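Have the structure open as you read.

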Amino acid sequence: MKFALALFAPPHAPASRRALRFAEAVLAGGHEIVRLFFYQDGVHCASANLVSPQDEPNLSAEWLRFVEAHGLDGVVCIAAALRRGVLDAEEARRHGRASANLASGWQLSGLGQLHDAVQTADRLICFGGP
């Protein structure tokens with residue numbers, strides 16, 4: 001089965017951990033993830049500037065390791081990211097900001113990527129949604 005996953009919650013929220021564990025189980029079960037789409041506060045998972053307390057898991061780092069280890073398509077909604085100050089080098093330059101903070105391994109893109117994933121996948125699973 002092909003899954004598309006959408007994460008709406010920030011990395012410190014329980015929904016982020018549930019989404020990651022679900023994604024791991026999907027792949028362990030022999031299924032496919034066609035795209036991970038980070039939207040609303042979920043875009044913070046892609047920030048290179050997040051620091052987790054020492055006694056808490058670093059879900060941002062875990063998400064990045066997961067995406068890279070499995071060669072997944074990790075897409076961050078550009079509109080939600082800009083609104084929350086998560087910028088790649090091109091957007092930082094375009095908006096006159098001093099630096100970018102989108103971690104490597106992620107890509108900014110629009111909601112069309114989510115629509116495309118929904119058309120390709122058998123199931124869209126959302127975590128932390130409104």
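The structure holds one cavity of 30 Å³ or more. On a 1 Å grid over the protein atoms alone, a cavity is a set of points where a 1.4 Å probe fits but cannot get out; a volume is the space filled by probe spheres set on those points, which are joined across faces, edges and corners. The model is predicted, so local features need pLDDT of at least 70 and side-chain atom pairs pLDDT 80 or more, while totals for chains, interfaces and linings use all residues. Numbering runs from 1 along each chain as its sequence is written, and side-chain values use heavy atoms, without hydrogens and water.

The largest cavity holds about 40 Å³ of space. Its lining (residues with an atom within 4 Å of a point) consists of Leu 5, Ala 6, Leu 7, Ala 19, Leu 36, Phe 37, Phe 38, Trp 63 and Phe 127. The lining has nine nonpolar residues, no polar and no charged.

Now look at the helices. Helix α1 (residues 14-28) and helix α2 (residues 59-70) pack at an angle of about 20°, with axes 10 Å apart; axes are lines fitted to C-alpha atoms over the stretch in contact, and angles run from 0 to 180 degrees between N-to-C directions. That makes α1 roughly parallel to α2, a label for angles under 35 degrees. The contact (heavy atoms within 4.5 Å) includes Ala 19, Leu 20 and Leu 27 of α1 and Trp 63 and Phe 66 of α2.

Key. On a 1 Å grid over the protein atoms alone, a cavity is a set of points where a 1.4 Å probe fits but cannot get out, and a pocket is an open set with protein on both sides within 12 Å along at least five of seven lines; lining residues have an atom within 4 Å of a point. Ala, Val, Leu, Ile, Met, Phe, Trp, Tyr, Cys and Pro count as nonpolar, Asp, Glu, Lys and Arg as charged, and the others, Gly among them, as polar. Helices (H or I, at least four residues) and strands (E, at least two) are DSSP runs, numbered from the N terminus. Angles under 35 degrees count as roughly parallel, over 145 as roughly antiparallel, 65 to 115 as roughly perpendicular and the rest as oblique.
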